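Let's take a walk through this structure together. Have the sequence and the 3D view open, and we'll go one stop at a time.

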Amino acid sequence: MGIFSYFRSKKSTAQVAKNRLQIIVAHERAQNSGYDFLPRLRQEILLVVQKYVHVELEHINVDVNRDGDCEVLEFNVTLPDSKS
Amino acid sequence: MGKIVVVTSGKGGVGKTTSSASLATGLARRGLQTAVLDFDVGLRNLDLIMGCERRVVYDFVNVIQGDATLNQALIRDKRVENLYILPASQTKDKEALHQDGVAKVLEDLNSRFDFIICDSPAGIEHGALMAMHFADEAIVVTNPEVSSVRDSDRILGLLQSKTVKAKNGEVIKEHLLLTRYDPERVQRGDMLSVEDVQEILAIPLLGVIPESKSVLTASNSGEPVILDEVSDAGQAYSDAVARLLGEELPQRFIHPVKKGFFSRLLGG
């Protein structure tokens, strides 16, 4: 990066490419984290939650996060708006 | 015991075969017994890049199926001592490279060779998985371009989960080989830099091969480009071979060539 790129107002396409890659690669790594049971787990959680509250599959998030040496399996269920 | 090295990428057309041919040739020139294997059943190309397409009699699948011995199928390179090529089959179905057969061939080679270079087909199907399955080390060939980098990341995931080493809890040594690099476009901000790609893939850099006309002219005549010692790509492959053997060399060809006074004057 030279002095000219400093004055250039638009981001370089290489920078755009890098940002896009960082996002998609992080997303895909999470998906392919080695636990291929995660989609099924998500389906089954949906069935359990649906016994009590009406939610759709898209309201359920299952993630594996790494925190140092520790792996955390994280569920997130977004409840629907109670008014509707 | 030899070392099994897979040359892989996920994406096609990034330079796996060119790299396999040159790295194998470079290793053999250093006196190491080297075999280079084409795993691309149905679409063999290594024989063309190595310039031995007219000497193919038997192939990888013939050996696995017991129609030929390994010695009959291995083609001895005419230019470089210690270098042997095992061509892929052109006709048979892809499943013919079954795991037990590949294991047996690699075991045989492993007892006689210092390096076994496995040229992987593109994709993440059977052939690519077989090429990486028994590898000790992996060279991930990547272009500084979004789809190639993404595919390389997928391949790294497979190397860390689907290979014998990974299943035994061991670690495959991974190397990044960045090919078709154009330092001038990088400087202009039109191309991902070597630092960008390294930051995303996070594996050690084996080398940067510059975009070079010599790669095409070398393949035209069936000579691995590493034998073209005056070309930038040839020199870059020689450096990569040295690094593969543990030598530490500074990276060349990652900065634009400074234009001389006259070429600037003439608007070159």
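Let's begin with what a pocket is. On a 1 Å grid over the protein atoms alone, a cavity is a set of points where a 1.4 Å probe fits but cannot get out, while a pocket is an open set with protein on both sides within 12 Å along at least five of seven lines; lining residues have an atom within 4 Å of a point. Grid points are joined across faces, edges and corners, and a volume is the space filled by probe spheres set on the points.

Before we look inside one, some ground rules. This is a predicted model, in which local features need pLDDT of at least 70 and side-chain atom pairs count only at pLDDT 80 or more, while totals for chains, interfaces and linings use all residues. Residues are numbered from 1 along each chain as its sequence is written, chains are lettered from A and ligands numbered from 1 in the order in which they are written, and side-chain values use heavy atoms, with hydrogens and water left out.

Now for that pocket. The second largest pocket has a volume of about 480 Å³. Its lining comes to 26 residues, and B:Gly13, B:Val14, B:Gly15, B:Lys16 and B:Thr18 are the ones nearest its centre. Two or more lining residues come from each of H1, strand S7 (173–181), strand S8 (205–210) and helix H11 (213–220) of chain B. These labels follow DSSP runs, numbered from the N terminus: helices are H or I runs of at least four residues, and strands are E runs of at least two. Which element gives the most to the lining of the second largest pocket? That's H1(B), with 4 residues. Sorted by class, the lining has 10 nonpolar, 10 polar and 6 charged residues. Here Ala, Val, Leu, Ile, Met, Phe, Trp, Tyr, Cys and Pro count as nonpolar, Asp, Glu, Lys and Arg as charged, and the others, Gly among them, as polar.

Stay with H1 for a moment. Helix H1 (residues 16–29) of chain B packs against helix H12 (residues 232–244) of chain B at an angle of about 65°, with the axes 9 Å apart. The axes are lines fitted to C-alpha atoms, for helices over the stretch in contact, and angles run from 0 to 180 degrees between N-to-C directions. H1(B) passes H12(B) in a right-handed crossing, where right-handed is when the near helix is turned clockwise from the far one by less than a right angle, and left-handed when anticlockwise. On the H1(B) side, the contact (heavy atoms within 4.5 Å) is made by B:Thr18, B:Ser19, B:Ser22, B:Leu23, B:Gly26 and B:Leu27, and on the H12(B) side by B:Tyr237, B:Ala240, B:Val241 and B:Leu244. That gives 6 nonpolar, 4 polar and no charged residues.

Chain B has another helix pair worth a visit. Helix H7 (residues 146–159) and helix H10 (residues 194–201) of chain B cross at roughly 35°, and their axes come within 10 Å. This crossing is right-handed too. B:Val149, B:Ser152, B:Asp153 and B:Leu156 of H7(B) meet B:Val197, B:Ile200 and B:Leu201 of H10(B), a set of 5 nonpolar, 1 polar and 1 charged.

Next, a few single residues. B:Ser120 sits in the loop between strand S5 (115–119) and helix H6 (126–133) of chain B. Is B:Ser120 buried or exposed? B:Ser120 is buried, with a relative accessible area of 2%; buried means under 20%, exposed over 50%, and partly exposed in between (1.4 Å probe, protein chains only). Not counting residues up to four places away in sequence, B:Ser120 touches several residues, including B:Lys16 and B:Phe39.

B:Gly66, in the loop between helix H3 (60–64) and helix H4 (70–73) of chain B, is exposed at 58%. B:Arg180, found in strand S7 of chain B, is partly exposed at 41%, and its phi is near 60°, a positive value in a residue other than glycine.

Finally, hop over to chain A, which has 3 helices and 2 strands, running α-α-α-β-β from the N terminus. Of its 84 residues, 19% are buried. A:Val72 lies in strand S2 (residues 70–77) of chain A and is partly exposed, at 36%. Leaving aside neighbours within four places in sequence, A:Val72 is in contact with A:Asp63, A:Val64 and A:Asn65.
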